[in-house]
Amino acid sequence: MLSLSLPGRVFLCRLPTDMRKSFDSLAGLVQTQLGQDPLSGDLFLFRSKRGDKIKLLYWDADGLAIWYKRLEEGTFVLPAADGQRDQVGEHGLVLRPAELAMLLDGVDLTSVKRQKRYQRPHLTATASAGVT
């Protein structure tokens, strides 16, 4: 049995992706479209144009790994850039690992209502450098 441990960060590429792409091409998309390092240990999610296929790319200790799923019926409904989630790069969103698990299980994330929780404010570059 294959088990995939979920990392702390999951990045979603909102652009439809050619599912013929493999390791190097997907790693290139991570860098160009999301502005992230594909070797960081984070998980990167790509969806096909029709929405019935997804690929997950991640660094697995000593090499890149791809997890691929094709639905026999239905589609994966990905969240839109609606201001609820952090955006990354030109075409990416940050998902929580729990949201990825729900998405893989067929849950439409737009119908999920999150309860308000404390979030630490994001520090600006000047504030984090000690400049006031």
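User: What makes tyrosine 68 the partner of lysine 55 in β4?

Analyst: A bridge does: lysine 55 is bridged to tyrosine 68 of β4. This is a predicted model, where local features need pLDDT of at least 70, side-chain atom pairs count only at pLDDT 80 or more, and totals for chains, interfaces and linings use all residues. Residues are numbered from 1 along each chain as its sequence is written, and side-chain values use heavy atoms, leaving out hydrogens and water.

User: Why are β3 and β4 called paired strands?

Analyst: Strands pair if DSSP finds at least two bridges between them. Seven bridges join β3 (residues 53-59) to β4 (residues 64-70), so the two count as a pair, running antiparallel. In their hairpin, with four residues between the strands, alanine 61 has a positive phi near 65°.

User: What makes something a helix or a strand here?

Analyst: Both are DSSP runs, numbered from the N terminus: helices are H or I with at least four residues, strands are E with at least two. The protein has three helices and six strands, in the order β-α-β-β-β-β-β-α-α.

User: How do you know which residues of helix α2 line one face?

Analyst: In α2 (residues 97-104), Glu99, Leu100 and Leu103 are buried. Looking down the axis of α2, the buried residues fall within an arc of 100°, so they line one face. The arc is taken from the directions from the helix axis to the C-beta atoms.

User: What covers those buried residues of α2?

Analyst: The cover includes β1 (10-16), β2 (43-47), β3 and β6 (92-95), with contact meaning heavy atoms within 4.5 Å.

Key:
Buried < 20%, exposed > 50% of the residue type's maximum accessible area, 1.4 Å probe, protein only.
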